[in-house]
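Hi there,

Here is the structure I promised to send over. Have a look at it first, and my notes follow below.

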Amino acid sequence: MLELLMINGVFVLQEFPVTMERVQISQPDPQIPSGALIHVSRYLGNLPFRVWKKMRNVRIVKHTPVILDPNTADPRLALNDNLTSVKDGGSKQPLPDNPERFDYHYSVLGSEGFNSGTHCWDVEVKESIGWSLGVTKASNPRKRGVFSKTDVWCVRYGLGWSGFRVEQKLDRVRVDLDYDRGTVSFSDPVTNTHLHTFTTTFTDTVFPFFCCCISSALTILSNSRR
């Protein structure tokens, strides 16, 4: 505690230098714990579709089977307001370095993980000169040097990435996940051509995985619901 000392009729702080020393001690920046950021996709993703479920007078509403999680997006990526499209943003944004976020690969995950059932989504890739699509384990670290490409089941085009390499330029890619059977299949929905199928045994929740290179863009396509 500070004490007042009377010297020649003037009060002075007896321990002032000690107090200043304590104030000047630097402390490390606080670390952001996993899950600390607001789950934006939970509140905004597919909002029109959720509203439609409560409104009987709406005839057609577009539903997107997968929406993106902005808390996982590399800071150099830009997502649209609907969280259905991702592109190279051109510069690094000042975003929190939370554990969920990629910090090296131009990647982002879907907002919902899967641990059972069948799931399907189409991705428009024609505006991308390089991309990688598929699923990855929820436990796969996102940071540079620790992200494991062996825990990603994907097809790729124009990228030096693990996974099945697609030689021809495509407009769209369809991802079919059958978690219980342990398969991830890829096809071209425009020509109805099978591209590749991975067969494995899933033991962890998997998330949709998207990676686009510089000057590229990916869009998850929607379905119409009546």
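Lysine 143 counts as buried, at 18% relative accessibility (buried means under 20% relative accessible area, exposed over 50%, partly exposed in between, with a 1.4 Å probe and protein chains only). Its salt-bridge partner is aspartate 97, with the closest N and O atoms 2.7 Å apart (a salt bridge is a side-chain nitrogen of Lys or Arg within 4 Å of a carboxyl oxygen of Asp or Glu). Lysine 143 sits in the loop between strand 8 and strand 9 and aspartate 97 in the loop between strand 5 and strand 6, so the pair ties together parts that are 46 residues apart in sequence. Aspartate 97 is exposed, at 55%.

This is a predicted model: local features need pLDDT of at least 70 and side-chain atom pairs pLDDT 80 or more, while totals for chains, interfaces and linings use all residues. Residues are numbered from 1 along each chain as its sequence is written, and side-chain values use heavy atoms, without hydrogens and water.

The whole structure has 5 salt bridges. Another of them joins aspartate 122 and arginine 174, again with 2.7 Å between the closest N and O atoms. Aspartate 122 is in strand 7 and arginine 174 in strand 11, so this pair links parts 52 residues apart in sequence. Aspartate 122 is buried at 14%, and arginine 174 is partly exposed at 29%.

As for the fold, the chain has 3 helices and 16 strands (DSSP runs numbered from the N terminus: helices are H or I, at least four residues, and strands E, at least two).

Best wishes
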